Structure formats: C-alpha cells, structure tokens
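Dear colleague,

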Amino acid sequence: MRSQVLTICFVLFVCGTVRADTPEFPAEKFRKALEQNKELEVSGQPLGQAVQTLAHQTSIPLQLDPVLKSAGVFSLPSPTLTVRPVRQTVAAVLDRELAAHGFTYVVLADKVLITTPERAAHLALRQKVRVDLKAVSLARALDRLARETGVTIVLDPQAAKESETVLTMRLTDVTLEVAVRMLAASAGLHSVRLDNVLFVTKPSKAQVLIADAADLRTPLPPAINPLSVPGGMLGLAGGGLLGQLSGGLGGGHGALGLGGGALGVGGGQFGIGGALGIMGGGALGQPPQNTPPPKPPKKAPDGEKKQGPGAGPAQGKASSPPGVLVAAQGPVQLTELSARSVKAAPAPAVGKHNGNNRQFKTLLDVLTIPRDARGNPTEFDEQGDPSLTLGRMFSALESKFSRPGDNPPFYLRFDLDTKAFEAEGVKKKPPEELGLGIEKAKIPAEKNISLLGYLRKILQRVEGAPSSGLTFVIGWDNRIEITTNQRLLKEFYGKRSKAELKGPLPPLVHAVFEARPLDEALRELSDATDGYNVLLNGNVKEAKVPMTATFRNVPLDTAVWALADMAGLTVVRKDNLLYVTSKEPARPLPGPAAPKKLPSEEKK
C-alpha cells in the first residue's frame with residue numbers, strides 16, 4: 001500500500017529563513033518588526049502626525065503615500081487616530097486603525113507605506129527590481145525576490161520539477177510582476193496574480209486560476225507611468241501633471257476635476273462610484289469607458305419652470321429620485337412630525353458612503369445578532385477580577401468580536417468621549433480607568449445574548465460614571481463612542497421643544513436598507529426599539545416600494561418620517577405609536593372616549 005504523501009506548498013515569503021549566503025533584506029526586518037508585540041499609544045492625533053508617532057515608537061519607516069499626499073488626499077477632513085496602550089502586534093494596530101479610514105499599509109523594499117488598498121497591491125507588484133542570475137534555480141530566484149520586496153510569491157508544489165530549472169538571466173529596471181513572469185516562463189511555468197500574491201504554476205492550471213481570480217483582481221494600470229495615462233492617476237486629458245489641456249481644478253480630466261481626476265468625479269481614484277469612489281476609470285485611474293454623450297435636457301413644463309435665480313424644484317416634485325436616500329448621518333429635518341426643529345445632517349463625503357456601508361452593516365450584525373463569526377451562540381465568561389477597568393473590558397471585546405479574516409477585514413473599535421465625561425465632573429481619572437464594581441458583585445457569565453445587550457449591562461455597572469448615565473453612538477468611521485446621556489440629548493435632541501424633552505424621547509436607530517420593501521424596513525425599525533411601535537396602514541399601495549437608506553444615530557421618528565416621505569406617505573404620531581399612512585387628510589387617531597351625558601343633562 002502506497003504511503004500518503006503530504007504535499008507542502010512552498011510559500012516564498014519575506015519572513016522565511018535567511019540563508020547564510022544571502023543578507024537579511026530591509027523588507028524582512030520590517031515584517032519582523034510588524035509582528036512584534038508592543039504597547040503603542042496615540043491620543044487623537046491627525047493621521048499624518050499619528051504615523052510619525054507610530055514610526056518613532058516602532059522604529060519602522062512608516063510613510064504616507066507621496067502621490068496621495070501631493071493630491072491632497074490626506075489633507076481632507078483629517079481622520080484622527082487613537083491607540084490605547086494595550087500590548088498587541090504592530091501589524092494588528094495598523095490593520096485596525098487604518099482600515100477604519102479606508103487606508104492600509106504595504107511593505108516595500110525600503111519602507112512601509114500608508115496608502116489605499118487599491119494602490120497597495122499596485123505599488124507592491126510594480127516595485128522595480130534587478131535580477132542577475134548565474135546558474136540559479138527558479139525556486140531560489142523567486143525566494144530572493146520575495147524576501148527582497150516583501151511580496152508573497154507561492155510556487156506550486158506540483159511544479160517541483162520545473163522549480164529546479166537552472167536559470168542564467170539578467171534583468172534591469174523591470175517591475176517585480178514582469179520579472180516573476182519572465183522567470184516562470186523560462187522554466188515553462190506561468191505566473192498568476194491573485195490579489196497581492198503571485199502564484200507560479202503550470203500553464204494549464206494558470207488558465208483556470210486566471211478565470212477564478214477575476215473577482216479578486218484589482219485592475220492594474222498600463223505598465224507605464226500612471227501620471228501620464230489619459231484619465232489616469234492625477235487625471236490628465238492628454239498628459240501633463242495636474243490636468244493640462246483640461247484644467248487642474250476644472251472639468252474634464254484634471255486633477256481634482258470632473259471626469260477622470262484623482263479626486264475627480266468619473267474616472268479617478270477618488271471619484272464617485274465603486275471602490276474608493278471609482279466610476280469610469282477604475283482604481284488608479286485607467287482610461288474611463290467610452291460613454292455616449294449626454295442627451296440635451298428636455299424643456300421643462302410650465303409647472304416646473306424656475307421662478308427666479310434662487311427658485312428650487314416645482315412644488316410637489318421630489319428633488320431626488322423616489323425611494324432613494326443617500327445617507328442620514330444624523331437627524332433629518334422633519335416637516336410633519338413634532339420634531340420639526342431637528343437639524344439636517346450634512347451629506348457624507350464623496351467616496352466614503354458605499355465603502356463604509358459594508359463595514360457599517362457588519363458592525364450592526366456584530367452588535368445585534370447573538371452569534372459569533374462562526375455562527376456559534378455568543379458567550380461571555382464570568383468576570384471576577386476587581387482590577388478590571390472599562391478600558392480593559394473594551395479591549396477584550398474588541399479582540400473577541402473583530403474579524404480580521406473577513407474581506408475586507410472588520411475590526412470592532414471603542415472610543416470614550418472624554419469631554420462628555422469631564423463636562424459632568426468626571427476628571428479625577430481617565431474614563432478608561434473607571435472600575436466596573438466587581439469587588440461588590442462579579443459580572444455574571446452570559447449566553448445567547450447579543451453584544452448590544454451585554455454592552456448596555458456593562459455601561460450600567462461603571463463606577464464613578466457621569467450622573468446622567470452612559471450610552472453610545474456610532475461614529476462615521478464605525479467606532480462605538482461611549483458618551484453620556486446629557487451629551488446625547490444635547491446633540492441629537494437639542495432642537496426639540498421643552499415639552500418633548502420632558503417626555504420619553506424616541507430612541508436612536510441604526511440601519512442599512514438596500515432595496516428593502518417599505519413594510520419590511522418599518523418592521524425592522526420597530527423591532528429594534530423598546531417602547532415604540534411603528535404601524536403601516538394596510539390599505540396603502542406603497543407598502544412594497546423599495547427603500548435604500550442608511551440611518552446612523554437617527555431618532556426613530558425621524559427615520560420613519562424619512563422612509564414614509566420617500567414613498568409619498570406621511571406619519572401621524574400618537575403617544576408611542578407612529579402610524580404611516582397616505583397623505584390624504586388623515587383622521588386624527590382617537591383619544592379616550594368622552595363620557596356620555598345623561599338625558600337630564602342634555603335637556604338642560
């Protein structure tokens with residue numbers, strides 16, 4: 001009986017063993033440093049400053065992508081980074097903190113660069129390399145390239161015979177991807193790109209992998225300088241940096257322009273639509289698709305003509321497509337409910353909305369579904385350590401519920417609103433150092449409970465908490481921010497009348513709807529809240545109108561009004577009931593029945 005042979009896949013990675021005849025390359029040192037456990041600390045610093053701080057603390061040459069920096073990407077409303085001093089790997093910190101802002105890092109031959117996920121793969125595979133081989137096997141040549149550049153190169157074990165092919169070759173000033181392809185071809189093999197990995201295998205298998213890898217592949221620009229590609233990285237109409245022939249800030253294909261610029265609308269890296277906002281040009285600004293010229297606008301009917309330079313759309317006409325709400329990042333202006341004075345939230349930044357929604361949906365699932373990433377019921381162990389603090393508890397929850405293996409990876413993150421704590425007199429110690437009262441009573445073990453339910457129980461136990469109590473909101477970057485009820489009332493309900501503020505207020509809701517029927521969306525909002533009911537008139541024909549909307553920290557009545565208005569309906573509120581019905585004059589909901597008068601009283 002033949003013995004089974006375990007096939008081992010040769011992964012040629014920079015962290016591999018360094019042989020005595022070759023030096024340790026800088027990229028290998030960077031990889032090792034990234035895997036070291038350190039207690040890093042950054043306190044609310046802008047991204048650029050935070051990167052410098054982390055570079056100093058880790059001795060890793062972290063740098064911002066100079067192309068994106070010169071295009072002003074890092075100068076947009078600057079994200080801030082906060083890293084609590086918990087012992088963890090440098091790689092885990094960078095993965096978690098950068099992913100929250102749509103960035104990542106890539107190990108290159110001479111630096112670790114902070115950039116976008118799309119550019120990361122491009123920069124890694126387009127590194128310039130030099131190959132000078134004299135009777136060296138393919139396997140050793142690929143191993144050296146992998147360690148030198150920091151890129152993962154996998155050699156198919158089924159091509160073991162070809163991997164021992166002895167090569168003599170000299171290549172200068174070529175990209176890594178081209179070098180690997182030429183080396184592989186010289187041994188009768190083929191190189192296939194799978195995301196940021198190069199897999200060297202036999203041509204027959206390569207054909208299958210190329211088809212399978214279509215969904216993983218981020219399109220690479222042509223093998224020439226992307227700054228001179230028409231409609232390319234910085235959006236040039238006919239070449240020339242910063243949009244010559246079309247204007248640097250003007251329309252067309254200029255940098256920051258409309259149509260193909262790096263920050264433009266239509267074809268550049270940060271345009272509207274697609275990953276990081278790509279509409280026509282794809283990642284890194286490949287030439288946009290040819291589209292037919294727009295048709296001239298039709299002449300507006302008399303009823304829709306503007307009445308003057310400041311006139312808006314005609315009365316009764318929606319100013320946005322029906323059934324589509326781009327995003328509501330905060331309270332929406334009400335017109336028919338009692339919360340009329342709630343201020344409207346600003347529109348989300350271009351390029352953030354679509355990519356952020358996926359992470360937001362994952363966060364909502366993690367919060368509300370009592371299951372872990374593998375589908376097992378959620379369990380929380382008993383906590384009996386009196387020294388356990390709020391900060392340590394949040395760090396444990398972050399580790400427990402993060403999903404680094406997802407695509408894209410998801411990292412649960414908590415922030416503490418220090419200013420809100422201090423506004424209520426909590427100044428003796430930082431909020432993360434507040435205890436959880438375990439010396440009085442242990443935190444019991446919990447099973448089949450959602451993270452949301454567990455979080456609420458933890459916030460009720462905090463010793464020395466602000467007098468108004470603790471709650472949380474969800475930031476635009478999907479961080480869970482622990483704040484006070486006082487700040488919540490001021491920020492999200494501050495414009496409501498005094499009479500409303502005295503009574504029970506509708507809770508904040510968080511939801512993502514993508515082409516969900518109206519009745520299902522309203523049912524989800526109703527189920528997500530305690531003490532409030534949402535009822536849809538069963539006779540309205542708009543019950544199945546598809547709704548696409550994102551609600552983040554939005555009062556329930558505001559969210560219901562927005563959905564109803566998108567469907568051409570209205571909302572009537574009575575006590576804790578929100579009744580969605582047609583805009584025809586609605587009969588007021590009945591109140592308590594008045595006692596009937598006696599016949600003797602009627603005569604009088």
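Predicted model: local features only at pLDDT ≥ 70, side-chain atom pairs only at ≥ 80, totals over all residues.

Residues are numbered from 1 along each chain as its sequence is written, and side-chain values use heavy atoms, without hydrogens and water.

Helix H11 (residues 390-401) packs against helix H13 (residues 451-461) at about 175°, with the axes 12 Å apart. The two helices are therefore roughly antiparallel (angle over 145 degrees). In contact (heavy atoms within 4.5 Å) are Leu390, Met393, Phe394, Leu397 and Phe401 of H11 with Leu451, Tyr454, Leu455, Ile458 and Leu459 of H13.

There are 4 aromatic pairs in the structure (ring centres within 6.5 Å; planes under 30 degrees apart are stacked, over 60 edge-to-face and the rest tilted). Phe394 and Phe414 are stacked, because their centres are 4.4 Å apart and their planes at 10°. Phe394 belongs to helix H11 and Phe414 to strand E15 (residues 414-416), 20 residues apart. Both Phe394 and Phe414 are buried (under 20% relative accessible area, with a 1.4 Å probe and protein chains only).

Phe513 and Phe551 form an edge-to-face pair, at 6.3 Å between centres and 70° between planes. This pair joins strand E19 (residues 508-517) to strand E21 (residues 546-555). Phe513 has a relative accessible area of 0%, and Phe551 likewise has 0%.

Phe380, Phe401 and Tyr454 form one aromatic cluster.

Conventions. Axes fitted to C-alpha atoms, helices over the stretch in contact; angles between N-to-C directions. Helix = DSSP H or I, 4+ residues; strand = E, 2+ residues; numbered from the N terminus. Parallel < 35°, antiparallel > 145°, perpendicular 65-115°, else oblique. Phe/Tyr/Trp six-rings, centres within 6.5 Å; stacked < 30°, edge-to-face > 60°. Buried < 20%, exposed > 50% of the residue type's maximum accessible area, 1.4 Å probe, protein only.
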